[in-house]
Amino acid sequence: FIVKGKEFRDIEGQLYVSIESVIILRATDSLGTNDGWVSGVLVINYQVDSEGWIGITNYAIMTNPLPYTNTADSVFQINIGRFTEGIHAIKYYAVDNAGNVEQEKQLVLYVDATAPVTYYQIGEPKYQIPETNIIVITSDTAVSFTADDPYVSGVSSGVNRIEYQVLSAQSPVPTDIWQELPEPYTLNLTY
């Protein structure tokens with residue numbers, strides 16, 4: 001299998017994907033002991049969680065034209081967007097045109113569709129303008145950030161990074177430029 005799109009493996013090897021990702025299943029009927037001939041992939045069968053098996057045909061890619069065929073591939077994509085957030089198992093195997101059945105394989109996916117939540121803390125000196133949410137700070141004021149990726153349906157891929165933009169009196173319009181905030185996630189602004 002191949003993951004097309006966002007993916008992350010944790011230290012235990014668990015595969016986290018976003019709902020925008022796609023899983024590509026590819027079966028190859030390769031040259032074996034049959035004197036250089038292969039029959040080609042007939043079907044890729046797959047099952048998501050405990051749903052019924054689905055057989056996919058007509059996705060064949062012949063890597064070498066007949067009569068000199070030594071491999072025949074079949075490719076199929078599974079869109080993760082149809083999955084709910086949580087842990088899912090995809091079982092799959094292929095069958096060639098001669099009836100040879102591949103050993104069943106299983107792929108466990110951790111679908112994370114919940115964005116992390118970022119919190120901030122503004123140090124001293126600071127001044128909040130009365131009856132507004134506007135806080136005025138100086139170049140000596142530290143602003144600290146923390147982020148948490150909440151567990152939803154047993155899945156949390158963790159926080160990859162925290163990014164920020166600075167808006168100031170000199171530059172009150174946001175730009176498209178986001179900067180990564182290095183750990184320990186404390187920002188000291190100097191003008």
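Predicted model: local features only at pLDDT ≥ 70, side-chain atom pairs only at ≥ 80, totals over all residues.

Biologist: Let's start with I129. Where is it found?

Modeller: I129 sits in the loop between β12 (126-128) and β13 (135-137). Strands here are DSSP runs of E with at least two residues, helices are runs of H or I with at least four, and both are numbered from the N terminus.

Biologist: Which residues form the nonpolar patch on the surface?

Modeller: I129 belongs to it, together with Y127, I134 and V136, and the patch has about 360 Å² of accessible area in total. Patch residues have over 30% relative accessible area and no salt bridge; nonpolar side chains (Val, Leu, Ile, Met, Phe, Trp, Tyr) are joined within 5 Å, like charges within 9 Å. The areas come from the Shrake-Rupley method with a 1.4 Å probe, and for residues only the protein chains shown count as cover.

Biologist: Switching to the inside. Which residues of the largest nonpolar core touch the most other members?

Modeller: That core has 21 residues, and I23, Y46, I78, F83, I90 and L109 touch the most other members. The elements giving two or more residues to this core are β3 (15-17), β4 (22-30), β5 (41-48), β8, β9 (86-96) and β10. β5 supplies the largest share, four residues. A nonpolar core is a set of buried Ala, Val, Leu, Ile, Met, Phe, Trp, Tyr and Cys residues joined through side-chain atoms within 4.5 Å.

Biologist: And what does I23 touch?

Modeller: Leaving out residues up to four places away in sequence, I23 touches F1, I2, V3, F76, Q77, I78, I80, L107 and L109. Contact means heavy atoms within 4.5 Å.

Biologist: F76 is on that list. Where is F76 found?

Modeller: F76 is in strand β8 (residues 71-79). Its relative accessibility is 10%, so F76 counts as buried. The C-alpha atoms of F76 and L25 are separated by 5.2 Å, although the two residues are 51 apart along the chain.

Biologist: What about H88, buried or exposed?

Modeller: H88 is buried, because its relative accessible area is 7%. H88 lies in strand β9, and its side chain makes a polar contact with the side chain of D49 at 2.7 Å. A polar contact is a pair of N or O atoms within 3.5 Å; within protein, one must be able to donate a hydrogen and the other to accept it, and residues adjacent in sequence count only if both atoms are side-chain atoms.

Biologist: Now T114. Which side chain does its side chain make a polar contact with?

Modeller: E85, at 2.8 Å. T114 is in the loop between β10 (105-111) and β11 (117-122), and its relative accessibility is 24%, so T114 counts as partly exposed. Apart from residues up to four places away in sequence, T114 touches E85, D149, P150 and V152.

Biologist: D149 again... where is S156 found?

Modeller: S156 is in the loop between β14 (142-148) and β15 (162-164). A polar atom of the S156 side chain lies 2.7 Å from the backbone oxygen of D149. S156 has 9% relative accessibility, so S156 counts as buried.

Biologist: How many salt bridges are there in the whole structure?

Modeller: The search finds two. K105 pairs with E102, the closest N and O atoms being 3.0 Å apart, and R161 pairs with E163 at 2.7 Å between the closest N and O atoms. A salt bridge is a side-chain nitrogen of Lys or Arg within 4 Å of a carboxyl oxygen of Asp or Glu.

Biologist: Last one: how many helices and strands are in the protein chain?

Modeller: Zero helices and 17 strands. Of the 191 residues in the protein chain, 32% are buried.

Technical notes:
Residues numbered from 1 in each chain as written. Heavy atoms only, no water. Buried < 20%, exposed > 50% of the residue type's maximum accessible area, 1.4 Å probe, protein only.
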